[in-house]
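Hello,

Here is the structure I promised to pass on. My notes follow below.

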Amino acid sequence: PMPRLLLICFFLTLPASSYATTLDKLQSELAQQQFTQAARTGSAILNSQPDDFRVRFLTAVALQNIQQTEQAEQHYLQLIKTHPELPEPRNNLALIYMQRGKHDEAAGLLIASLKTHPSYATAWMNLSDLYKSLASEAYRKALGEDTSKSAFDNIQLTAINKLHSLPEKTPVETRPLIVVK
């Protein structure tokens, strides 16, 4: 009976160790900036494990880095739908929307990202840079300056390349906004 039990345990742990090896390969390819290969590896893993949010996120990052933004967008949207507590997909999707000139949608995603994780420095910096560019663009238009060169041309928002620790499930304390007149 003991050898049979060992054999059963071996076969039960085999898929998990195979998965860990494949996930390590995906993470390694991303770290080495082999984005095309990482996108292939991630897609292959997702074929057998479509609900793996870590792999879906890393695959989207790889796709975004090789300018396959439509596919990356679909992965980020799926993650936002299935894991609304994650701020990273919203941040990265905001970058895609910025590239497309969808500034309001990008700002909305960054704000939503901060609602899920209020201390997320990357999202704060990206939102700040976005607002600065929006203000600069509005100011230039108001002055009647040449708008052929957009304030958004030089904006460099930061993508997040890995999922950090998930936020705690405890509710965030919110306070009403006090407007001073």
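Phe 57 and Tyr 76 are both buried (under 20% relative accessible area; exposed is over 50%, partly exposed in between, with a 1.4 Å probe and protein chains only). This is a predicted model: local features need pLDDT of at least 70, side-chain atom pairs count only at pLDDT 80 or more, and totals for chains, interfaces and linings use all residues. Residues are numbered from 1 along each chain as its sequence is written, and side-chain values use heavy atoms, with hydrogens and water left out.

Aromatic rings pair if their centres lie within 6.5 Å, using the six-membered ring for Trp; planes under 30 degrees apart are stacked, over 60 edge-to-face, the rest tilted. The count is one aromatic pair. The ring centres of Phe 57 and Tyr 76 are 6.1 Å apart and the planes at 55°, so the pair is tilted. Phe 57 is in helix α3 (residues 53-65) and Tyr 76 in helix α4, so the pair ties together parts 19 residues apart in sequence. Helices are DSSP runs (H or I, at least four residues), numbered from the N terminus.

Next, helix α2. Its buried residues are Phe 35, Ala 38, Ala 39, Thr 41, Gly 42, Ile 45 and Leu 46. Seen down the axis, they fall within an arc of 165° (directions from the axis to the C-beta atoms), so they line one face of α2. On the other side, Arg 40, Asn 47 and Ser 48 are exposed.

Now confidence. Mean pLDDT (the predictor's confidence in each residue, from 0 to 100) is 79 for the protein. Helix α1 (residues 2-31) is lowest, at a mean of 63. Where pLDDT is low, the predicted coordinates should not be read in detail.

Best wishes

Technical notes
Helix = DSSP H or I, 4+ residues; strand = E, 2+ residues; numbered from the N terminus.
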